[in-house]
Structures are given as structure tokens and as C-alpha cells.
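Trainee: I'm new to this one. Could you walk me through how to read it?

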Amino acid sequence: MAPDPVLDELAGAVLDGDPVNWAAVESKADATATDVVKQLAVLSLVAALHREKQPAAVRKPERELPDETWGHLRLLERIGRGAFGEVYRAWDTRLDREVALKLLPAPATSSASSIIEEGRLLARVKHPGVVTIHGAEQIADRVGLWMEYIRGQTLEELLEDGDAFTPGDVIQIGLELSRAVGAVHAAGLIHRDIKAQNVIRSDDGRVMLMDFGTGLEIAAPASASAGTPLYLAPELFAGQPATVRGDVYSLGVLLYHLLTGTYPVTGKSLHDVRRAHERGERTSLGDARRDLPRRLIHAIEHAIDPRPDRRCQSATALAAALDSVQRTSRRRWMAGVAAAAVVFTLWMSQPSPNDSRANRSLADIARAPAVSWWARLWPVKPRTVAVLPFRNLGAVAGSDWMAEGLTYEVRNILASVEGLNVLPAGSDVPTDVVIEGELFASEERVKVNARMTSPTGAVDPWKGATFESRNNAVLDIQSELAIDIVNSLRLKLGGGQRHYEIAPVLYMKFLRARGLAAKHERTIAAEVVGLFDEITVEARSYAPAWAGLASALGSIIRLAPDSMADALQRMKLAALEAYRLDPLLAEASAAMGVVQAHDLEWALSEESFKEALSRNRSLTWIHTDAVLHLLAPLGRFDEALQLLEVAREAEPASLDVRRTLASIQVEVGLYEEAIQNAKWVLARDPSYPFAANRVGRALALSGRMDEALRVFEEDDSVGPGYVGYVYARTGRRDEAEAIARDAARIPGGFAAATQLLIYGGLDDKDRAFEALDRLVERNAWRAATWMLRPEVAVIRDDPRFDAIRRRLKIPIPK
Amino acid sequence: MSDERESAAERRDDRAVNPASTVELVDRARKGDQAALDRLFDRYAAPLRRWATGRLPRWARDLTDTDDLVQEALLQTFRKIDQFEVRGAGALFGYLRQVVLNRIRDELRRKERRPDAVGLDGSEKDGGVSPLEHAIGREVTERYERALARLSPQQQELIIARVEMGLDYDELAESLGRPSAEAARKAAKRALVRLAEEMARDGA
């Protein structure tokens, strides 16, 4: 007996845990199948319940259910209780789905109908950031509102769990939330109760507004005591009716709260808060958090201005302000790099296709929607995608062929994205995502519109964007445009690693380059750069190779005697190209992190490395890059050690990780551990770069000077500075001075660093600072790292030390 | 990528899917090898515990540690291991599940006889509701169990191993002796449709 294809398909989805739109399936099934489909829906719930790790621990069911049912809803558990009603998880027996139900106790008849009326209005608000209301009704003596049930945690719960919100997170949350509130206002409604308890971050990373202040009137006619006083705008205390501006104020307080853990106006009682408002007692955000970007402080302060007429006038205006804050930091840096890159490209007079690509890429990146980094984690459930053929609207010869080719390329690249399941053309299975678009080709250029819809409602639709190419080589256009379209989609969808197809020979070369790069040694680094160069020439759209090139150039800059302006520029270009080709590639973000660190853009660099690590935790060289390029110069050694511990667990056999660990242990005075780790590396590879040096430094710093000297004399890979340091510490002053004097003549320089080390060893503060100044001039990033070395501890307690840290834009701990 | 592979390997290890070595371990355990018994224990305890959390009423989870219950069930089974014919990990799961279910029922009956011991939190009036019953109702849970019992032993095992214990298809294929993951998935799909049909018949 052949299985019914529809049932078979559904059974597969249930077993695999894929989402199914049961209502749609049921409506299509014939009468005999309907019953079986219904049972499959039940089974999908059984399966989902078993899949949850600990259903009981996550949500403790409460047993005091007032009734088993309310209308067609079966109450399952109480999930919240407020002053004016209770919220239940419930089962919709008509549509066989889980819902959240808010039940309000016997109200006066007039307000009951107004709640139902308002519920109906709310049901019309369709916004991804607003919980969808399914319905509102009065049954017997109770009014109920039922809505989409969302698994997740409220922002207040996240705060209580000790989740720190970075300014970047808060900007992102504020942005999504103010857009959601804007949608509510646009529907002619006012929320009236915006607070951290009423915003949920769903398990799949969405920020959603819920629990409208419906029913406030019932609980307390005096509006001031109805909402949450700490979030309430001052004019509402005075008894004025709720307004859009009142919602904006609450939104501002919420963001303030996420950043500080407290509120702009506080008090122990309603009376206290009211009086504080009357007296104008408030703590400005700038006073509470001096370290925040000024533009962010300004945007939030504008939203919580106590004077309603001076306040930010709408949620949409607040969204716009936050959006501009978000774009500024990254874009300002990008613009600088872009300008430098263009100059550099001209200077190098590279072949023409490349420079136009570099220009376009920057514009694209600046336009790309930014999503906070935690939200970019790819959802677990695979999504199905269909790509409809791009329609050709141009009349140029060959443009039909071009549209077909583009469709093919987009499909191909999407198929390489993990978590996406691209269905063959003509398949009539409902998909989560449908991509379609048009192509216009003229003699000079090709324009493509692309957009995304979601028949199953699994993802938010995307109005789409226009992509353009002035390039005339048809094959180039296809792959370039396809990459741009797919990247925009991935940003929109929020993630997905790409798997690249590349010729095996090139891939072998790539692996070899990566392996060598992990050694972080400058002579090897030059070879690595050569290898990556070769790969990028052969496979121009292979983003990992561009990222590898950037990282290898970063090694050269970090280790080479002099900072090399052209290496820095090439590194920037390579990182940007990697990022343009694949903004969701962990290696691309890491490459950006390296570039930003060397530009002394520490905060941006940190964001990039976080992004990289959130996308791929298994690449341990990203951990060591983050440690060496970012955390070490900032002196954040505890975090560095933690990160390296994670890396060591991920790849216990990595020499790079162990050697880096030894380096950081030297910096923090864990000399025995450092020696052990460095020797562990040497036992496996006696010539592994810097391993012997770390042994020597640890020996010298723990006072074992003779042993240290022997190690330094044998290991000639790092110049004479360390030998000079040992002389300085063992009373051989003249010899030490001689090395410092000769340093200027050491081939390739390194003079300033060598002198810093020796003068530090001689406890000669003034000359150490002079050397450090010269180092800042030559290579600011290296100066930031070296000035923290225990060998030069003598410079620490001097005002000049902090002055240099400030010059290097490094935040100074209190 | 590499850490996905690792975690998949770990999972596999946890879920006791290497049928050859399961059979081998049971064999050694029968001959009184304590180490083999310990390893069997390690393999089956975690998924069963997870499963049992979804099947125990809350008070039972509070009062009787889930661990105890699962542990006792495992002990009871392995003590009689010489009577048990091991066809594969799936079969052992099905068997263990039944033992745990029986123990839960025993436990419930025992509590009902001694009403003073029921619900220290004072909120229990009935015999206790498991999260599963809570979600789909007792009636539907019972219908599910009845329908499951009417399937062939092979199909029961497929459902239990995939839907309840969460084995992946490779594991399913190995433990139930199917030639490939795809074959196992096909068989599981058929079993699920059968189960839904049985449930529909019962409900009508």
C-alpha cells in the first residue's frame, strides 16, 4: 500500500521537528484525512514536548486553574498574574494551537465592551515586534484576550539573571521596540504599560512587545497608579490622559533601565516618585553612565524629557534617532577606511574591476541592516526556500539568458548556506521563504530588484532592495549580484554559515596557509600572505581566503620590526573584501576586528570579535587573534585567559593556543604555568615561534637569570633586547647600555621596543618613556601592548603612563 | 564545523546506539562484569531521565527524585538481564520506558493510598498531572498510549526511539537494524501515520 503523500510529508515534518501550518493543511485535506491530520498535529506537540530538554524545570506549571476551559480555550497553566488579570498558557481547541490567554475578572459591562473593542483594534496591528492578538471576547463574567504564545524571557528576567546589555544591544532593542510601538500608534492605539516586564526576547531572538495596558481603567480609574509608576511620564501623574508621548517616555525609561539597572526618577512609594517628579529630582543618563556614546545619551534623554512638548514626539522619531546612533559608529570608521582604501587602490593602480568593487562594497555594507550579535545566531530549525525565476524586464539582447543565469546563481549560493533547504524549481510544497525579483538590463548597466515573502509566516517578509552593476562582463555580473542578493537575504534572515565550493587543489593550499598562519611568525607570515594571494587570484569570491589574507597581514604588522603602511592598507582591503563577500562569515568579522584594533578602534574591534566568536566558536585562531590583537593591548588579561581556556577545550592539541596562553601567563605573573605551557609546545615543535622566548621571559621575571640568559642566547629569533634586559637586571649595566645604543642599527629597526625593554630593566623611567614615545610613533598598537609588560613595570606609577594610554584611546580603569 | 561533529559524536555516545557494543555489554553484564553494567547504566540513564521528566507529575518530581526512579528501573532491568533478549538499543529503550512507566504508576497508587503524603505544597488534588498530560490533556495522553500499544513492536520501538527519546536517524537505523538513515526515516514516517490513524479511530 502506497503511503498518502500528504500524510507522509507531514509525518516527516513532525519527526524532523519542522514547522507546519496545521490550519492550512487541515483546510485542504479531505474529510477522511482531516482526522488523521488532526492527530498528527497532536503528535507534533508530543514530539516537541519530548524534544524540550526539561519541560518542567523551565516553566513550573501552576495548578490553580479557575476552570478547565474558557470558551474554546483549555487553560494549561498560569504564567503570570497582574493587578488586573491573569495570563495563562492555553490550548485553542478549534485551531489546535498553543495561545496565551489574558483573563480579566468580572468588569463593569461598559468597560468590558471597550476592552473587546480595543482587542479587536489590536488584532489589526501586524508587526513582527508586536505580539499578534488572535481574538477578544466576553464569556460569562469574564473578558478574555488571546494571543500568540511566545517562548522566551522578558527583558526584566534577563536583567535579573545578570545578563548585561551592552550599549549595542540596547540600541538594537530600542530600535526594534520603538518601531513596534510606532506600529501600535499608527493603528490609533496607545500601549500605556511599556516596561521591561512587558517586552519578551523570544528564544529565536526576536524582541516583542506584549501585554497591552488593556483593562487598566478597570483596576484603577486614577491612571497614575495603573501603569508602573517608575515608567510613568510626569504629566500622567498630574492626571492627564495617556498619550503617544507617554509611551515614548516609558520607552526611554526602559532603555535607561537596561543600561543602568535603575530608573531616572526613583522612590520607595508612588508618593515618593510623584514628589521626586514635582521637585525635578532625576539622574540624567550621562551622569549614571559616563562611558556611553554621547549620541546615545542624547537620544534617550530626549525621550525622557519631563516636558511633554520638548520630548521626542513619536516612537518613529525615537527609532530614527537610534538608527542614526547605530550607523554612526560603524559607518564613521568605514568611511575613513574607504577613503584610505580608494587612495591606496589608486596608488597601487590595480586592475579596474577591483576598485569599483571596493567602492560598491562600502556602500552596501553601510546600507546593510545591522542586527545585534546575539540575534544573528542561526535558528535551529532548517528553513525551506524557493527561488522563482527572475523576470526579465529588459529588452537588451541576451538579457533573458542573464536572468536565468542569475536565478541559477542565487539558487546555488543559497544552497551553500547551512540551515537553508533550497527546493527545486516547480515544487509545490509550501516553503518558509520565497525569493523573487526582476532584472532590467540596459546597454550600460544591469539593475535587479529582489524581495522575499513567507507563505508559511515563518520569517518576516522583506520588501527587498535594488542591486546594481555597471560591469559589462556577464558572468561577473551574475555572481556579483547573486552574492549581494544572498548576503542581504542572510542578514535579513539573521544568519547561516556558507559552505564554499572550491577546487580541491586550492583548498589544500588554503589549509596549508591556515596552518602556517597559526604559527604567528613574521618570516612565515610573508609566505602565508603569498599563499593567500595566490588563492584570492584564482578564486576571487572565496571569502575565507580574503579573511585569511587580512589576518596574515595582521600578523606581519604585529610582529614586523616596523609598522608597514602598505601592509596595513592591504590588510584593510582584504578584510573589507571578505566582509563584503560574506558578512556572516566568522573569519570576515575576525579580520575586521584585527584591522579595527590596529586602527585603535577598540570598541568596534571588540564588537567584531564578539560577532566572529558568536558565529563560529570552533576556530581557535579567532580566539588567539582576539587575545593578541585586542585584549592584550587593553590589558584585559583575565578575559584573555578565559577565552584561551575555551579555545583549549575546543582544540586541546593546538600549539598556537598553548603558546598564546603562555604569553598571557607571563604578562600576569603566572611564571611557572607559562614555563610549563611553553615547554609543552617546544616538546611538540622545538622551533615553534616565540615558545622558547616565553620560557626565557618567565625565567627572567621569576629571578632565574642564568637560565634565562642561556635561553635568550640560544634563541636568536627575537633580537638582542631580552639579553640586554637580563644584563640590565644582573648588574651588567655597560653591556646593557651598549645593546640599547646599538639597537638603532639593528637591521630592520625594532629599536624603540628593544630600548624600552632595556631601560625598563635598568629602572630608568625617563629614558623608558622616551623609548615608548618613539614606539607610539612607529606602531601605536605595539606600544599599547608593550607598555604593559612586567619587564617595564617601572613606568606604571607615573602620570605619563595614563597620558599615553589616553593617547592610544584606551579606556583607563578607575 | 568540527565542534558540530564532536557534539554529534558525544550525543551518539550518550544515547547508546552502538548496537554491537550494547549487545556485547549486555552479554558481559550477564556474566557478572560490573564494569559493563556501569557502562550500560551511563548510556541509558540520561535519555531516560530526560524522558521521565516529561512523564512524571510535578509532585513526584519534587518528592521522588527522577534520578532515583530511573535508577531503580535500570537496576531492576539489569538485574534480570539474563532473561532479556537484546535486539538493539531501541528495544532496550522501549523495555526500560515500560519499566519506568510502571514504576510511576506504582508510585501514584502508593501516594493515593496515603493521602497525607500527597502534595506537600498543598496544591495537589488529583493524582498528579505530568507535563505531557498538562499540555495535551490526560484523555489525549491515554489515547496516545493506547494507540501506541496497538502498533507492532517494531513500530512502537521506532516511535519511542525517535519521538520520545530523540535518537537521530543514523542512530535509529543502527539500533533497529535498518539499512540506512533514510530507510529508518521512511519506516518511522509510516509508523507515525499508523499511530495517527489509530488515534483518530480511537477518538471517533
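Mentor: Let's begin with a hairpin: β5(A) and β6(A) form one, with 2 residues between them. In its turn, A:Ala140 has a positive phi of about 50 degrees. Strands here are DSSP E runs of at least two residues, and helices are H or I runs of at least four, both numbered from the N terminus. This is a predicted model, in which local features need pLDDT of at least 70 and side-chain atom pairs count only at pLDDT 80 or more, while totals for chains, interfaces and linings use all residues. Residues are numbered from 1 along each chain as its sequence is written, with chains lettered from A and ligands numbered from 1 in the order in which they are written.

Trainee: How many bridges join β5(A) to β6(A)?

Mentor: Two strands pair if DSSP finds at least two bridges between them. Here 6 bridges join β5 (residues 133-139) to β6(A), and the strands run antiparallel. A:Ile139 has A:Arg142 as its bridge partner in β6(A).

Trainee: Are β4(A) and β6(A) mostly covered or open?

Mentor: A residue is buried if 20 or more other C-beta atoms, placed from the backbone, lie within 10 Å of its own, exposed if 12 or fewer, and partly exposed in between. In β6 (residues 142-148), 5 of the 7 residues are buried; in β4(A), 6 of 8 are.

Trainee: Why does A:Ala517 count as buried?

Mentor: A:Ala517 counts as buried because it has 25 C-beta neighbours inside 10 Å. A:Ala517 belongs to helix α19 (residues 504-517). Contact means C-beta atoms within 7 Å, placed from the backbone. Beyond four places in sequence, A:Ala517 contacts A:Val528, A:Gly548, A:Ser551, A:Ala552 and A:Ser555.

Trainee: Which residues touch the most other members of the largest nonpolar core?

Mentor: A nonpolar core is a set of buried Ala, Val, Leu, Ile, Met, Phe, Trp, Tyr and Cys residues joined through C-beta atoms within 7 Å. Of the 143 residues in the largest, A:Ala550, A:Ala578, A:Ala591 and A:Leu756 touch the most other members. Apart from that core lies another of 70 residues, including A:Trp70 and A:Tyr256.

Definitions and conventions. Two residues are in contact if their C-beta atoms, placed from the backbone, lie within 7 Å.
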